[in-house]
There are 2 protein chains.
Amino acid sequence: MNVSIYRGTVVYAAEKERLAAFSGANIVVEDGFVKNVLKQVPEEYAGLTVKDFGDALIIPAFSDLHIHASQYAQRGVGMDKLLFEWLRDYTFPQEAKFADCRYAEKVYDALVKDLIRHGTFHASIFTTIHTEASDILFRKLAERGLYAYTGKVNMDCNAPDYLCEKTAESLRDTERFLLEHQGYATVKPILTPRFAPTCSEKLIKGLGKLAKKYACGVQTHLVESIAEAAWTKELFPDYSCETAIYEQAGLLDYGPSVFAHVIFPAREDITILRKSRSVSVHCPDATANITAGIMPAAALLKAELPVAVGTDIGAGPNPAVYRQIARAVQLSKLKAFFEPEGNEPISFAEAFYMATKAGGSIFDRVGSLEPGYRFNALVLDGLADDFSEMTPEEQLERFCYAGDDRNIIARYLDGREISP
Amino acid sequence: MNVSIYRGTVVYAAEKERLAAFSGANIVVEDGFVKNVLKQVPEEYAGLTVKDFGDALIIPAFSDLHIHASQYAQRGVGMDKLLFEWLRDYTFPQEAKFADCRYAEKVYDALVKDLIRHGTFHASIFTTIHTEASDILFRKLAERGLYAYTGKVNMDCNAPDYLCEKTAESLRDTERFLLEHQGYATVKPILTPRFAPTCSEKLIKGLGKLAKKYACGVQTHLVESIAEAAWTKELFPDYSCETAIYEQAGLLDYGPSVFAHVIFPAREDITILRKSRSVSVHCPDATANITAGIMPAAALLKAELPVAVGTDIGAGPNPAVYRQIARAVQLSKLKAFFEPEGNEPISFAEAFYMATKAGGSIFDRVGSLEPGYRFNALVLDGLADDFSEMTPEEQLERFCYAGDDRNIIARYLDGREISP
């Protein structure tokens, strides 16, 4: 048994209502899992050296459940454009470049490093339609031991010619991708229809068959904007709601279902999302940047839906999930301001819970530092000024609002120290 | 004549409609002022060494027209609270600490360093009611040569007892502050009534007399929230609008008038603001955090009001004005989304102009790199990835959305290189 002990101020969110904070705590890690968080080092470990981080915070690593890996190359650019201009001038041409594996190699390498730099060790990631480039990202994630779902994107209609697949080829390539990526310890393939308007019913039903055959989950965008929701209704008139398209295809039965944005859910969507334990992913910066709106996060939490956080690179600016925690709180206030009916601010604890434990729930025991969870953790320092006292919770909040990766002084994944 | 030449990609906003960008440009600086931006180094300077920054961007330093210096100590904390809780539990107790000059010394020292770190060389800054502590900030700004207006805060009603001044004492202390801070080259005192509800009419009129006697400007908060605007109307029923309170006291006649937030201006406010060339200061992160709303920036620009940018530390998270440029664009999109009537997104160029030249307009020739302006400039590097080409404008945009102070590799103030 491999045992390590780390001392510091341990902070995590076991439940969405509050943060747990333990100052001067010893976190005992056995074979990569948290055994316990204790005031005193137990007798049985008396001989072990304690790695002492002093007053630094030890928190769970972040879970980012919505990333477009290819868009990492365009982060922070074209952000004052309207959505259709941003897609036409930046996003689609960028995605087309991933036909070139050498290019994909460079971008995906930079992204994976940046994820680790910012403390994101658990992620659900879109690539592009290109199977070979998608394989490159898959292998890079696996090599670094990150916990991830990733899948090649499917789209067979309503997309630029140069990114539009033939239905049969899309399904064939997807099956090949699934077959080639079975059996990895931490990374798993996931079905990734881009969003309903770019997928024919035939394609979605075909993906449903693959979901069953390979016991595989799904990630996509859901009721992301008023225009998208209306367009989907027009394209799929026989479904009671957008989520029903995926449900009836059998896509919600075999793995995690991860729906980005969920800004305009109908009552029927909520019912299916709850029943299927699908995760709704709040990407606050991104949906503001593309003028889609703001997720009704408080209402979804109240409806007992699992809600996670995503950066949505490149509509979001960078892989700092902690900044999206701050943004989720901030935009919940604006949402309640502009649309008071049914909306209210979320708390910092709720947002932190969403970005750690809730997002981590689609993986295996990650996103918290409760006993039994993997020691996927970050050590944060330099947050308190020397002229004022701050509680651990206040330091964590400051990190999310005003800190950056320089505050992350150590990173642990499955109990091993890693660096970008 | 002291001449220096810097080579790089020079980017600035001479007008709000567009950025000017010159790659491989030589910027000739004579005695701290920009002489010219040229493709070739002129014959007359052939003997001078050119400081070559390669592909790095050379941009004007930032102007932050709304900062609460004391709140630097509470940045990024209590951000999920409602406004009254945030004031009661964080802001007012924090301000009270500035009765202690040793405390003020530490906080203001850290703030001034952080302003320089983030490239803010021009600022309009609130302190607290404490004259001695306010003097400390004034001297620190002057010692570093920053361009600033700062003044002790006035409030004589509707504030916690421990922060409430007697009217006569408030005026006497203010006059002393004005007298003691005449004749500095770059820092000037400014009248700082906190906002209308915490100031009696007698106090505001008294400040108006001081404005005339010392030819002094004013900074305050204006129509910041629905509640504040309504409260002010109740307290000052005889005025046509909130701006009229300051106008009729003679506060808009002698120096810059700097109004933070301006979220709910009436037609009468706009008329006075335009006539007096008062500057409205957009603090997007801050007014979202305190649930005040979003400034109708596009509408104010269209009404030809001068509009600048502020971080509003500590309702805003840190002194990075560049991040508020990004946020101003982002929140203008949300404003247009939630309240389409009369609102539209602003462009990146407009937001950058606001945060440099428009904000700089209350000082002497700062905020641009046009000939005749002071060489108050930042050099930015590390913004383009090695796998993709980016225009200078795109690099600048990425800096504002996703960069940080590590991208600022050199800082010039009046032509001298400085560091935090």
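**Figure 1. Lining of the second largest pocket in the predicted model.** The residues that line the second largest pocket divide into 14 nonpolar, nine polar and four charged, where Ala, Val, Leu, Ile, Met, Phe, Trp, Tyr, Cys and Pro count as nonpolar, Asp, Glu, Lys and Arg as charged, and the others, Gly among them, as polar. About 600 Å³ of space lies in this pocket, and of its 27 lining residues, L83(B), L87(B), E224(B), S225(B) and I290(B) are the closest to its centre. Two or more residues of the lining come from each of helix 1 (83–96) and helix 6 (226–235) of chain B, and helix 1 of chain B gives the largest share, six residues. On a 1 Å grid over the protein atoms alone, a pocket is an open set of points where a 1.4 Å probe fits, with protein on both sides within 12 Å along at least five of seven lines, and lining residues have an atom within 4 Å of a point. Grid points are joined across faces, edges and corners, and the volume is the space filled by probe spheres set on the points. Helices (H or I, at least four residues) and strands (E, at least two) are DSSP runs, numbered from the N terminus.

Figure 2. In chain A, a cis peptide bond joins I313(A) and G314(A), with omega about -5°, and G314(A) lies in the loop between strand 14 (307–309) and helix 11 (321–338). In chain B, I313(B) and G314(B) are likewise joined by a cis peptide bond, with omega about 5°, and G314(B) is placed in the loop between strand 14 (307–309) and helix 11 (321–338) of that chain.

Figure 3. D312(A), a residue other than glycine, has a positive phi near 50° and is located in the loop between strand 14 and helix 11 of chain A. With a relative accessible area of 4%, D312(A) is buried (under 20%; exposed is over 50% and partly exposed in between, with a 1.4 Å probe and protein chains only). D31(B), also not a glycine, has a positive phi of about 50° and lies in the loop between strand 2 (18–30) and strand 3 (33–38) of chain B; at 44% relative accessibility, D31(B) counts as partly exposed.

**Figure 4. K335(B) and its surroundings.** K335(B) belongs to helix 11 of chain B and counts as buried, at 6% relative accessibility. Leaving aside residues up to four places away in sequence, K335(B) touches I294(B), M295(B), P296(B), P340(B) and N343(B), contact meaning heavy atoms within 4.5 Å.

**Notes to all figures.** Residues are numbered from 1 along each chain as its sequence is written, and chains are lettered from A and ligands numbered from 1 in the order in which they are written. In this predicted model, local features need pLDDT of at least 70 and side-chain atom pairs count only at pLDDT 80 or more, whereas totals for chains, interfaces and linings use all residues; side-chain values use heavy atoms, with hydrogens and water left out.
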